[in-house]
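Open your viewer, switch to a cartoon view and get ready to select a few pieces one after another. We will go from the whole chain to single residues and back.

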Amino acid sequence: MRFGFFKKGNDRNDVEPKKIKKVVTITSNVIDGLISYSKMHHPYEGILILEGERKRTEILINNLVIPPFSVHGPFYSGFPINELPFDLKYVGTAHSHPSGSSQPSLEDLNHFYGLISIIICHPYDESDIHAYDSNGREVDLIRR
Ligand SMILES: [Zn+2]
C-alpha cells in the first residue's frame, strides 16, 4: 500500500502515524567483516547475525555476531533461531551465496529473522552485497 499526500479522503482524521521510509546504513567494519567471513567459508555458505540500532528513520548495522551452533553446507546455512536470545540489538542476518546469485531463495524468505536480510554473493566484492526486507524487496544500503 502506498502512503502519502496523494491519498484522497479525510486524512486529517488518521490517527495512525505516517509510515516513514527507513534507510539502512552499514559501517565499513561490517562490510569488511562480511567479505572476509564469506571468503573464508567459500565454497560453503556462511551466516552471521547483524547487530545494530533501530532508530526512527534508520536501521544502523554496526556489528557482526557469529551465531551459536551454525552449520555450513554448499547450499544451506542456518542456525536454530530458537537458540537465539531475544535481543533488540539483533536487526537481522547476513549470509553468503557461493552460487553467485544475489536473490534471496524461498528458504531465505521463509526463515527471515529480524528486519533485514543481507546476501553477499560470490565473488564477494562490496558490490556483491545486497539487502532485503521481509517481503524480499531489495533495500539500499548506505555505507558509513
Ligand atoms: Zn540464501
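Before we start, a term you will need: strands here are DSSP runs of E with at least two residues, numbered from the N terminus. Keep in mind, too, that this is a predicted model.

**The whole chain.** Colour by secondary structure, and look for two helices and 10 strands. Of the 144 residues in the chain, 24% are buried.

**Strands 2 and 3.** Now select residues 47-54, which form strand 2, and residues 58-65, which form strand 3. These two strands make a hairpin, with three residues between them. They pair antiparallel through six bridges.

**Across to strand 6.** Which strand is joined to strand 2 by five bridges? Select residues 90-97: this is strand 6, and it runs antiparallel to strand 2. Zoom in on Ile49, whose bridge partner in strand 6 is Thr93.

**A stop in the loop.** Next, click on Asp87, in the loop that links strand 5 (77-78) with strand 6. Is Asp87 buried or exposed? Asp87 counts as exposed because it has 11 C-beta neighbours inside 10 Å, and the cut-off for exposed is 12 or fewer.

Asp87 and Glu51 are 36 residues apart along the chain, yet 9.2 Å separates their C-alpha atoms.

How values were computed
Residues numbered from 1 in each chain as written. Predicted model: local features only at pLDDT ≥ 70, side-chain atom pairs only at ≥ 80, totals over all residues. Helix = DSSP H or I, 4+ residues; strand = E, 2+ residues; numbered from the N terminus. Buried ≥ 20, exposed ≤ 12 C-beta atoms within 10 Å, placed from the backbone. Pairing = 2+ DSSP bridges.
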